Amino acid sequence: MAASPSPPQPDYVRRHLRFGWWALFAFLLLGATLETLHGFKAGFYLDVSNETRRLMWTLAHAHGALLGLVNVAAGATLRALPELPGDARIPLISATLRAATVLLPAGFFAGGVTFYSGDPGVGIALVPVGAACLAIAVFLLARAVSSPSRPPAPTEKRRRNG
Ligand code: HEM
């Protein structure tokens, strides 16, 4: 009986490049929005009594933009090391990195929507979950990059050669 062909592997390089560039675009727009709030001296953002909101939304913007760049770096890393996309750890790395890119800035942003004096709102609970996802992704990717290289799997080779 002929061996059944292995299911096609997701294109992790393109997935992270696409996700990263769109995340960067979205969080740059958030930066531009914050800039506009400064321009109009918006009290709900700039008043001293609302400094928790300003801190949380600045953190959402900064973490989102940086995580967008981390995704682009991950895509470039996967492209630079041809054996990596076939590594068994890559599906988990990809999922946790994308989850972190959503959860960290979303948690900061939600924490600034409603807040209690100096304490961010309950949405901030997403932040430690996102941080744990990011730690897993970065640790596993560092391990995968440190593993001795092996030739790409035959399916991977075929795809690269067209
Ligand atoms: C890769 C791109 C970017 C990164 C990594 C980034 C990162 C950061 C960081 C780390 C801060 C916090 C600075 C601090 O509080 O000391 C910040 C604040 C800020 N960023 Fe960006 N930024 C980027 C692009 C932009 C763009 C394109 C805009 C506007 C068009 C923007 C608007 C702002 C504003 C208005 C603040 C201050 C918010 C406030 O304190 O009220 N950023 N950004």
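User: Is S117 buried or exposed?
Analyst: S117 is exposed, with 6 other C-beta atoms within 10 Å. A residue is buried if 20 or more other C-beta atoms lie within 10 Å of its own, exposed if 12 or fewer, and partly exposed in between, with C-beta atoms placed from the backbone. Please note that this is a predicted model: local features need pLDDT of at least 70, side-chain atom pairs count only at pLDDT 80 or more, and totals for chains, interfaces and linings use all residues. Residues are numbered from 1 along each chain as its sequence is written.

User: Where is S117 placed?
Analyst: S117 sits in the loop between strand 1 (115-116) and strand 2 (119-120). Helices (H or I, at least four residues) and strands (E, at least two) are DSSP runs, numbered from the N terminus. S117 also has a positive phi of about 55°, although it is not a glycine.

User: Why mention the phi?
Analyst: Because most residues other than glycine have a negative phi. K41 is also not a glycine, and has a positive phi of about 50°. K41 lies in the loop between helix 1 and helix 2 (43-46), and counts as exposed because it has 9 C-beta neighbours inside 10 Å.

User: How many helices and strands does the protein chain have?
Analyst: The protein chain has six helices and two strands, in the order α-α-α-α-β-β-α-α along the sequence. Of its 162 residues, 30% are buried.

User: Now the ligand. Which residues surround it?
Analyst: The ligand is surrounded by L28, G31, A32, L34, E35, H38, R54, T58, H61, A62, A65 and L66. Here a residue is near a molecule or strand if its C-beta atom, placed from the backbone, lies within 6 Å of it. Helix 1 (12-39) and helix 3 (51-80) each supply at least two residues of this shell.

User: What classes do the shell residues divide into?
Analyst: The shell around the ligand has six nonpolar, four polar and two charged residues. Ala, Val, Leu, Ile, Met, Phe, Trp, Tyr, Cys and Pro count as nonpolar, Asp, Glu, Lys and Arg as charged, and the others, Gly among them, as polar.

User: At what angle do helix 1 and helix 3 pack?
Analyst: The angle between helix 1 and helix 3 is about 160°, and their axes are 7 Å apart. Axes are lines fitted to C-alpha atoms, for helices over the stretch in contact, and angles run from 0 to 180 degrees between N-to-C directions. Helix 1 is therefore roughly antiparallel to helix 3; angles under 35 degrees count as roughly parallel, over 145 as roughly antiparallel, 65 to 115 as roughly perpendicular and the rest as oblique. By class, their contact has 20 nonpolar, nine polar and one charged residues.

User: Last topic: where is E83?
Analyst: E83 is in the loop between helix 3 and helix 4. E83 counts as partly exposed, because it has 15 C-beta neighbours inside 10 Å. The C-alpha atoms of E83 and S149 are separated by 6.7 Å, although these residues are 66 residues apart along the chain.
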